[in-house]
Amino acid sequence: MRTIIATCVWLLCAPVSASAQAPASPADPMSIGGMVGPGLGNRPWLLPGARISVPLSSRLGLDIDAGAVIGSDTEGGVQHGVQMYTRYRWFAGAQVRVMQPRSASGASRYFLLGPVLFRDAPRPAETREDLPAVRVGYGWDWLKRRGQRIALEVGVAGSEGPVVYATAVIQFRVGPGS
């Protein structure tokens with residue numbers, strides 16, 4: 001896991017040659033919307049949620065996510081590996097997007113890195129257990145003329161073991177010009 005994180009940090013910080021640099025594109029608008037991703041485990045589950053995206057610069061963005069874990073294991077059984085995530089009821093996280101310059105069509109690609117917290121539902125005679133994790137990935141997005149953003153992200157998240165994930169995102173511009 002350390003090797004994956006170190007490689008991603010290196011890729012995010014690696015200099016780009018001057019000949020490969022495109023002119024700086026304007027910063028993405030602040031936007032709000034929804035996201036959804038499938039889960040893997042002992043039974044099907046889903047991670048729908050809300051996302052707020054805030055531009056930090058023309059190349060950096062911050063995403064804040066929160067949502068539910070639907071189809072989770074409410075039986076409280078002992079699980080290992082990927083199946084252990086099915087006992088959690090909700091999640092919250094943040095990630096930094098390091099974007100490549102946008103094309104004229106509004107398309108861009110980006111690396112992402114950030115923490116996520118899975119929160120356990122309270123159960124009788126049990127204490128609440130949290131599962132902190134780190135997600136590292138790559139994304140593709142398209143910014144439409146009116147500010148709608150459509151994205152697909154894939155990557156690895158995990159704490160006790162890596163979990164491959166995919167997330168679809170649809171957002172709408174908030175603020176001036178919305």
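Mentor: Buried means under 20% relative accessible area, exposed means over 50%, and partly exposed lies in between, with a 1.4 Å probe and protein chains only. The model here is predicted, so local features need pLDDT of at least 70, side-chain atom pairs count only at pLDDT 80 or more, and totals for chains, interfaces and linings use all residues. Residues are numbered from 1 along each chain as its sequence is written, and side-chain values use heavy atoms, with hydrogens and water left out.

Trainee: Is Glu-153 buried or exposed?

Mentor: Glu-153 counts as buried because its relative accessibility is 1%, and Arg-51 counts as buried at 0%.

Trainee: Which residue forms a salt bridge with Glu-153?

Mentor: Side chains of opposite charge can pair when their charged atoms come close. A salt bridge is a side-chain nitrogen of Lys or Arg within 4 Å of a carboxyl oxygen of Asp or Glu. Glu-153 forms one with Arg-51, their closest N and O atoms being 2.8 Å apart. Strands are DSSP runs of E, at least two residues, numbered from the N terminus; Glu-153 lies in strand 9 (residues 149-158) and Arg-51 in strand 4, so this pair ties together parts that are 102 residues apart in sequence.

Trainee: What is the distance between the closest N and O atoms of Arg-51 and Asp-65?

Mentor: In that salt bridge the distance is 2.7 Å. Arg-51 is in strand 4 (residues 49-55) and Asp-65 in strand 5 (residues 60-68), so the pair joins parts 14 residues apart in sequence.

Trainee: How many salt bridges does a search of the whole structure find?

Mentor: The search finds seven.

Methods:
Helices (H or I, at least four residues) and strands (E, at least two) are DSSP runs, numbered from the N terminus.
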